[in-house]
Amino acid sequence: MTDTGDDTNIEVDSVRESETDPGKEGIGPASDDRAALDPETGEEINQSTPAASSTDPTPDLDDVLLDEPEDDGSQGLFDDLLSGEPIFENKEVLRPSYTPRELPHRQEQINNMATILVTALRGDTPSNILIYGKTGTGKTASAKFVSDELETTSEKYEVPCEVEYINCEVTDTQYRVLAQLANKFIDKNRAVIEEKIERLERIRERAPEDPSALDGTEFSSTAAIDERIEELEADREEFDDVPMTGWPTDRVYSSFFDAVDYHERVVVIMLDEIDKLVEKSGDDTLYNLSRMNNELDNSRVSIMGISNDLKFTDFLDPRVKSSLGEEEIVFPPYDANQLRDILQHRSEVAFKSAALSDDVIPLCAAFAAQEHGDARRALDLLRTAGELAERDGTDQVEEDHVRHAQEKIELDRVVEVVRTLPTQSKLVLFSIVLLEKNGVRNVNTGEAYNIYKRLCTEIDADQLTQRRVTDLISELDMLGIVNAVVVSKGRYGRTKEISLSVPIEETEAVLLSDSRLGDVEDVEPLVQSRFDT
């Protein structure tokens, strides 16, 4: 009985602990209704209250938790936001990265590309293509659509044809372009080698039991299979990934060349924003790529360049220009009716039924048509209007949501442009902001330059000449941040009258978020009064 007594003492202690522990209040017996344990059976004996009847049941743990849920400290922040019905069915359809299966009003350009690239399906080298057009005219979407169709058809007819896409706004140096391309083909080559090795290993395993396993193959024995597997494994080991920095450029090019030429295929290299690559790194990359076919033994390479700048080829070497621009396709801007068709087509997939009022799509199309027929802008506007409607908790996008979205996108654009300005341009813009903030209208170049010099002294920045500051003002005018008009002052000559084209408070806030401009301690004394007023 010694063991039983020990167990009994342990259970009694645990019950007493639960009765006195405030964290267990409401679960164990009350302090004045102490329960005892039978020393022989270990069962509970209630000494002060009658046994619970079926009509007065004692709640168990589950009942207590269900009746009085614990407070987990949540404020229900996201619960409130999720309580409304969503307006979107598939928001991704309205993003620039989405490639639709149908592109309204671009069939002519798509057919032109297909006519040029069909040569690849015959195993020949397609002509190089240059695609021009302003932002949002469907260049990239159309090129990707044709590329997807090309690869799908090549698989159907078992013709080795591949398309590789590079965004030159991100990958903007010769080294990075070649390294990224090399690594893509190295990965593909490894996959091809792995597939070949697995197929040969299956044949080798069958060969001892099935003499016909080698029939129709190039191997006369399992030893020949083993030798080929060893060759493939050696090939696989030779393909080293190219680091994104550190190698000489000629070594990177050699790795890319070897990777492309490993087996027979036609390769189309799509260089989006190709003008950014030329602007940053010159035309060496295009020269090397356009001359590759003279040295390749197994593969053929074609280049498809996409640019917003119709004049970027003016800066190319004549040899590169002649080989690169074999075929040119121009994408004109969309008009309002075409934009309306595009938005209608996308909205049927993007939004739930009856989520748009009748005037939403025409208004989005009209706003975007004013921005040089930019379909990307129209899609952003429609998506942002839908997001604003969801935040308002409404079940339909209205005209007011579109107008608010237009203001929001415009402000976001201004913020991004101002935020990414060089420091000297920020100082010039800050000078104009300070003058307008203190009541000076139609700021002239001399006034802006005087404040600019004081700001340079304040933050210990290099001072540019007034002529260079005038050039920076012209650049700000081109960006749409200021409006600069040359006016005649008679015998006093000519000057520029400058006014802000962007909200003054938001612009000042963005400028002051720059760590250097944020160090300006007291800008008010910098503003001088105008002498001619």
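Me: What makes the charged end of K144 count as sitting over the ring of Y165?

Reply: A charge sits over a ring if NZ of Lys or CZ of Arg is within 6 Å of the ring centre and within 35 degrees of the ring normal. The charged end of K144 lies 4.3 Å from the centre of the ring of Y165 and sits over that ring. In the same terms, R106 lies over the face of Y334, at 4.0 Å from the ring centre. This is a predicted model, in which local features need pLDDT of at least 70 and side-chain atom pairs count only at pLDDT 80 or more, while totals for chains, interfaces and linings use all residues. Residues are numbered from 1 along each chain as its sequence is written, and side-chain values use heavy atoms, with hydrogens and water left out.

Me: Why is the pair of F239 and Y262 called edge-to-face?

Reply: Rings of Phe, Tyr and Trp (its six-membered ring) pair if their centres lie within 6.5 Å, and the pair counts as stacked when the planes are under 30 degrees apart, as edge-to-face when they are over 60, and as tilted for the rest. The structure holds 6 aromatic pairs. In one of them the ring centres of F239 and Y262 are 5.2 Å apart and the planes stand at 85°, so the pair is edge-to-face. F239 lies in the loop between α7 (222-238) and α8 (249-260), and Y262 in the loop between α8 and β5, so the pair ties together parts that are 23 residues apart in sequence.

Me: What makes the pair of Y253 and F257 tilted?

Reply: The rings of Y253 and F257 are 6.3 Å apart, centre to centre, with 40° between the planes, and the pair is therefore tilted. Y253 and F257 are 4 residues apart in helix α8, and so are separated by about one helical turn; helices here are DSSP runs (H or I, at least four residues), strands are runs of E with at least two, and both are numbered from the N terminus.

Me: What makes R377 buried, and which residues does R377 touch?

Reply: R377, in helix α14 (residues 375-392), has 10% relative accessibility and so counts as buried. Not counting residues up to four places away in sequence, R377 touches E371, Q406, I409 and E410, where contact means heavy atoms within 4.5 Å. A polar contact of 3.4 Å joins the side chains of R377 and Q406; the term covers a pair of N or O atoms within 3.5 Å, and within protein one must be able to donate a hydrogen and the other to accept it, while residues adjacent in sequence count only if both atoms are side-chain atoms.

Me: Why is strand β6 described as largely enclosed?

Reply: In strand β6 (residues 299-307), 8 of the 9 residues are buried, so the strand is largely enclosed by the rest of the structure. Strand β5 (residues 265-272) and β6 pair in the parallel sense over 8 bridges, given that two strands pair if DSSP finds at least two bridges between them.

Conventions:
Buried means under 20% relative accessible area, exposed over 50%, partly exposed in between (1.4 Å probe, protein chains only).
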